Amino acid sequence: MKIHEYQAKSLYQKYGIPTPKGILALSIAEAKEAAKKLIAETGSEVVVVKAQIHAGGRGKGGGVKVVKGADAAEAAAKEILGMTLVTHQTGPEGKEVQRLYIEQGLEIATEMYLALAIDRESRRVAIMASTEGGVEIEKVAEETPEKILKVFVDPAIGLMPYQTRQLAFGLGLSKKAQKSFAKLLSKLVDLFVAEDCSIAEINPLVVTGDEDVVALDAKVNFDDNAEFRHRDLWESLKDLSEEAPTETEAKKYDLSFIQLDGNIGCLVNGAGLAMSTMDTIKHFGGEPANFLDVGGGATEEAVTKAFGIILESKSVRGIFVNIFGGIMQCDIVATGVVNATRNLGLKVPLVVRLEGTNVEEGKKILAESGLAITAADTMAEGAETIVALAKAGA
Amino acid sequence: MSIFVNADTRLLVQGITGSAGSFHATQMLEYGTQIVAGVTPGRGGQRWNDHAPIYDTVREAAEKEGVNASVIFVPPPFAADAILEAADAGIELIICITEGIPVMDMLKVRRVLDTQTRSRLIGPNCPGVITPGTKDKPGCKIGIMPAKVHLPGRMGVVSKSGTLTYEAVGQLTALGIGQSTAVGVGGDPINGTDFIDVLSRFQEDPDTDGVIMIGEIGGNAEELAAAWIKDNFTKPIAGFIAGRTAPPGKRMGHAGAIISGGKGTADAKIAALEEAGVKVAPTPSDMGTTLASLLS
């Protein structure tokens, strides 16, 4: 799960991690007011107007402006609020900016990079730090990987002082900044573990003119599996406008759905089978419209809902249902498919491949429904057929 | 004959009175698996379906019933605890079916398991392990896989994905090629047993003649396995990697199936496997025939 920068910073503040002073603004007027307030509080005219979207690279895309005075902040807010921001992480369609964060400007001596993530290979929380802050870290990793320092936190022991020293000396920090960095890092590790993060990234982490270390940016992603431990907080941090409505709707039914660019809808059970169904559609020259894993324990209602989401999609020109029933029973899927088409109608070709538990019952339900269904015996045959039918109909 | 499980395996079911636990315990029992005990805290002293005694703790079940394997059907908030309870009781094989365990919990579980060699964890978020059997020569099914598609024989299957395992097994069976053991290692980023652990057992197993290995996007377990295969694995091996068309940065159903920072792509994994001499099937429908083509 992703959250906004301003939300991540409020979480940082809860753990005592220094961030610049900032205020959320949902309108241009609010942005101006926020700037005035910050200027009065800090005595400095410099404020930063930052677009809040769930993607990085906002500065480069024109979503972050450093300005002097409240009027200039208002002008910047006018420019950014409502714009469609395109960054290397949003994809070409970009994201509409609906929230702004107005922040105090700081005097920056050095920009650095700091991130925590789960390292699958060492099975530890990895801490990565670099003197190359404020730029795309992917680029640094590719071009000058030696500039990224790494230490790994043992889950049984936690962060050790020698690891902090390794990073602090490696970053070439002054004595005062080292102390400030050590405090920040220890709190960030606490936050990462206690809040079940999958990523906590600060880019840039800055050393101010006073040699204090401050999180100028903040990114936090949570491990979706840990939602049961943080239900209230995470619920309050969710911004549904940042997610595809179909994905949000599917989540309500415990379905794993991802919207894609193609025109062949798929309904599959199991993540591996769902992924490889997409791959097979592509293999035969088609483009999948979605990833959908109805899982093992999906109810008839959930399958009906899932199939409805696909039926209602305007871009879908054909649908492929591919089920290898293990826990999932073929007759439940068949009933769900029939129910959904009864309510919404079937206007595009439908290919169904059923295999596994209760396959005969499932096939019977489909046959008796009177729907125009093309049956397939294998995944490859089904994919090839639906690609051909979708092309013929388009 | 098989790896990890066989007709002599004495199985404990953790969470045996839950709906999933009870349903699958029944299926396993029907297949011929020896279910010797169940654990549900607070239900000790009762019996499950007039068959297996239920205990409050794993330790007690292990001591009284001579358990050497456990399968876990416990909900995610309690699954890490269940795994460690089984390990603490010295159970040799722990198979965790549960999907949705927080990564932070699995980091701790793995950290504890790495300090000992007695217990092996398979999963979590996996379909389990099956050594197919017949009426005359019983096998052992531990997990949630559909029993019907399996046929006893001499091919191994190892996979991150449940349904793709069924797919591979079903294709082999349709070709008349039986399986020695099929192992699901699970789709989570942190798990107990990886491809190399399973492949090394298949390599040593005199009754396994070839293997299908099924990976997916995310992490680098497939690349590590490829490097290992190149130097150590001498039997015919076919492969498949799911997720060629997956967009980066999206979790594709499995918690571990995500391409992040350009790492963990299907293309990189396929290249590594091919370089190691694994014959990679062009589509998932060709997994069985790809292995068959290596056997002649």
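A word on conventions before we set off. This is a predicted model, in which local features need pLDDT of at least 70 and side-chain atom pairs count only at pLDDT 80 or more, while totals for chains, interfaces and linings use all residues. Residues are numbered from 1 along each chain as its sequence is written, chains are lettered from A in the order in which they are written, and side-chain values use heavy atoms, with hydrogens and water left out.

**Stop 1: where the chains meet**

Show chains A and B together. Contact (heavy atoms within 4.5 Å) involves 47 residues from chain A and 51 residues from chain B. The buried area, meaning the accessible area (1.4 Å probe) that two parts lose on being put together, summed over both, is about 3900 Å² here, and carbon and sulfur atoms give 64% of it. Now select Met104(B), Arg111(B) and Thr245(B): in chain B they lose the most area to chain A, together 16% of what that side buries.

Next, pick Glu167(B) and Arg353(A). They form a salt bridge (a side-chain nitrogen of Lys or Arg within 4 Å of a carboxyl oxygen of Asp or Glu), with the closest N and O atoms 2.9 Å apart. The interface of chain B and chain A has five salt bridges by this rule. To see which elements of chain B take part, highlight α3 (76-88), α4 (103-113), α5 (162-174) and β13 (237-242), the ones that give two or more residues to the side touching chain A. With seven residues, α4(B) gives the most. Helices (H or I, at least four residues) and strands (E, at least two) are DSSP runs, numbered from the N terminus.

**Stop 2: the nonpolar cores**

Select Leu199(B) and Ile229(B). In the largest nonpolar core, which has 94 residues, these two touch the most other members. Helix α9 (residues 271-283) of chain A gives the most to this core, with six residues. Such a core is a set of buried Ala, Val, Leu, Ile, Met, Phe, Trp, Tyr and Cys residues joined through side-chain atoms within 4.5 Å. Buried means under 20% relative accessible area, exposed over 50%, and partly exposed in between (1.4 Å probe, protein chains only).

Zoom in on Ile229(B). Leaving aside neighbours within four places in sequence, Ile229(B) is in contact with Leu199(B), Met213(B), Ile237(B), Leu273(B), Ala276(B) and Val278(B). Apart from this core lies another, of 69 residues, including Leu114(A), Val39(B), Ala61(B) and Val103(B).

**Stop 3**

Most residues other than glycine have a negative phi, and most peptide bonds are trans. In chain A, go to strand β10 (residues 197-208), where Pro204(A) sits; the peptide bond from Asn203(A) to Pro204(A) is cis, with omega near 10°.

In chain B, find the loop between β7 (120-122) and β8 (128-131), which holds Pro124(B). The bond from Gly123(B) to Pro124(B) is also cis, with omega near 5°. Asn125(B) is in that loop too, and has a positive phi of about 60° although it is not a glycine. Is Asn125(B) buried or exposed? Asn125(B) is buried, at 9% relative accessible area.

Finish at Phe4(B), in the segment before β1 (10-14) of chain B. Phe4(B) is not a glycine, yet has a positive phi of about 65°, and at 15% relative accessibility Phe4(B) counts as buried.
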